[in-house]
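I opened this entry to look up a few local features. The notes are kept in the order I checked them.

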Amino acid sequence: MDISIIIVNYRGWKALDECLESIDVIISETFSFEVIIVDNFSNDGQFPVFKQKYSKFTFIENTGNNGFSNGCNFGASIATGNHFLFLNPDTKLTLEALETLLETAISNPEIGILSCLQINENNIFYKQKNLFPALGHFFGISRSLFRKLNKAKLEERFNNTDDLFYPDWVTGAVIFISREWFNKIKGWNEDYWLYFEDVDLCKKISDTKGKVAVTRKATIFHQHGGASRLNVKTKALTKTEVIISKHVYISNQFSTGIQLYLHSVLILGVLSEKLILSFLSLFLFFIPKLKVNRLMLKNLSIYYLNAIQQQTWISPRAMNYLKTKS
């Protein structure tokens, strides 16, 4: 098998249906591919319905909502392809994009991770000039300042007309990687439950002297937020996990002294913001966005207390959290 397309789903059935419809019509005479859908135990009755509707695809049910990294690794463990395409369920694939990704990866073996252009429902291309988080530009203000001060260098790096450009990392919505590279970096890091696992994956490629690239010769539709932020409670959960995953990334990628500084700034910043917005929500209760912040404050308070008690920044939802307790 040339390509294994691996899609991790959790109750994103409407988006997944459109994604699988786009793949279902793809017929190639030059390469073979399989489709593996890992459902993170949606447990809502839709799994057997989709399994029957798309019977030529492989559906496997996870033991729980074990996170994106775990779902990707689970799918890869049964995949037979020489290349893996990790794809979000809120995307739509074309034959041309799949061909381009495969041909580009084969022609450029130094590329560890390959992605392509992504366009949303408003016909706006996603910005993919991503840099690894670093001490001097980890947070929003410092990141904006860094980009302004290094504008000329960044424009030279990204604003060219070459078929390929090389950001530090690419979003996990579209990740094309050979089995060889995947095994070399030992797959996705299951310290992460959701978010920043793509940054970590690309960092492992970079540390192993591989390249991370985006091809301009292919475009994939990607609906922004279509698979995760479904309602106020889910939005609060996923936005909380963004913060948690930042802590995990800090603990995985920085030295002890820098870790202490970044963890402290992140905690003080996020708790101050959520306290203020939660207070405002008592008076402006009719604004859903403020309710999200109140729920986030509760979630983060529980997380920080647990982090102190368990001596780990890993999310209790992440699979590797269980290993820290065993």
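Predicted model: local features only at pLDDT ≥ 70, side-chain atom pairs only at ≥ 80, totals over all residues.

Cysteines. I searched the whole structure for disulfides and found 0. I then looked at Cys72, which is in no disulfide. Its nearest cysteine sulfur belongs to Cys202 and is 12 Å away. I noted 0% relative accessibility for Cys116, so Cys116 counts as buried.

Helix 9. I checked the span of helix 9, which runs over residues 232-253 and has 22 residues. From first C-alpha to last, helix 9 reaches 32 Å, close to the 32 Å expected at 1.5 Å a residue. I also listed buried residues in helix 9; among them are Ala236, Thr238, Val242, Ile243, His247 and Tyr249. Glu241 is another residue of helix 9 that is buried.

Positive phi. Which loop holds Arg11? Arg11 lies between strand 1 (3-9) and helix 1 (13-24). I noted a positive phi of about 55 degrees for Arg11, although Arg11 is not a glycine. Its relative accessibility is 41%, so Arg11 counts as partly exposed.

I made the corresponding check on Asn123. Asn123 is not a glycine either, yet has a positive phi of about 60 degrees. Asn123 sits in the loop between strand 6 (111-119) and helix 5 (140-149). With a relative accessible area of 61%, Asn123 is exposed.

Technical notes: Residues numbered from 1 in each chain as written. Heavy atoms only, no water. Disulfide = S-S within 2.5 Å. Buried < 20%, exposed > 50% of the residue type's maximum accessible area, 1.4 Å probe, protein only. Helix = DSSP H or I, 4+ residues; strand = E, 2+ residues; numbered from the N terminus. Expected span 1.5 Å × (residues − 1).
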